[in-house]
Amino acid sequence: MKTLLKVISIIYIVGAAILLIAGIVITATGTYVGTAAETAGLGGLGMLLGIIMIIACIPSLLVGIFGLKGCGGSSGLLMAGIVLTIIGLVFTVFGIIYSLATSSFTASSIGGLILPILYLIGGFGTRKELM
């Protein structure tokens, strides 16, 4: 189970890093896009989007780091990663329920469940191995 948790944790870290880089780029270039878009009343929207992306990557980055540290024997950090993953999973389920209620559900909506579920399987399996 440690191997599964390591792989999923690395995927979380890589995904967070990509989101972080994209957020930084969008924030940095948002001022230029904002000046061109001010005539349409959209000035600063690019910077706001970039800042939101930077903030959104933090939980994924923490989950990945906590998973890797948990594989090394830190059961406290492993549990913190599991709790963050459960919180994220709850939000994903709420999003799926909302998309069902608004008739905007697609089969790809379920794709957001795969990574957290695999993380939980690996996390709980690793936790059992550590005990």
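User: How do the residues of the lining of the largest pocket divide into nonpolar, polar and charged?

Analyst: The lining has nine nonpolar residues, six polar and no charged. (Nonpolar means Ala, Val, Leu, Ile, Met, Phe, Trp, Tyr, Cys and Pro; charged means Asp, Glu, Lys and Arg; the others, Gly among them, are polar.) This is a predicted model: local features need pLDDT of at least 70, side-chain atom pairs need 80 or more, and totals for chains, interfaces and linings use all residues. Residues are numbered from 1 along each chain as its sequence is written, and side-chain values use heavy atoms, without hydrogens or water.

User: Which residues lie nearest the centre of the largest pocket?

Analyst: Rolling a probe the size of a water molecule over the atoms shows where empty space is left. Here 15 residues line the largest pocket, with Y12, S60, G88, T92 and P116 nearest its centre. (A pocket is an open set of points on a 1 Å grid over the protein atoms alone, where a 1.4 Å probe fits, with protein on both sides within 12 Å along at least five of seven lines; lining residues have an atom within 4 Å of a point.)

User: Which helix gives the largest share of the lining?

Analyst: Helix 3 does, with five residues. Helix 1 (2-37), helix 2, helix 3 (75-101) and helix 4 each supply at least two. (Helices are DSSP runs of H or I, at least four residues, numbered from the N terminus.)

User: At what angle do helix 2 and helix 4 pack?

Analyst: Two packed helices are described by the angle and the distance between their axes. Helix 2 (residues 45-71) and helix 4 (residues 111-130) pack at about 30 degrees, axes 10 Å apart. (Axes are lines fitted to C-alpha atoms over the stretch in contact; angles run from 0 to 180 degrees between N-to-C directions.) Helix 2 and helix 4 are therefore roughly parallel, the word for angles under 35 degrees. V63, F66, G67, G70 and C71 of helix 2 meet Y119, T126 and L130 of helix 4 in this contact (heavy atoms within 4.5 Å).

Terms used
Angles under 35 degrees count as roughly parallel, over 145 as roughly antiparallel, 65 to 115 as roughly perpendicular and the rest as oblique.
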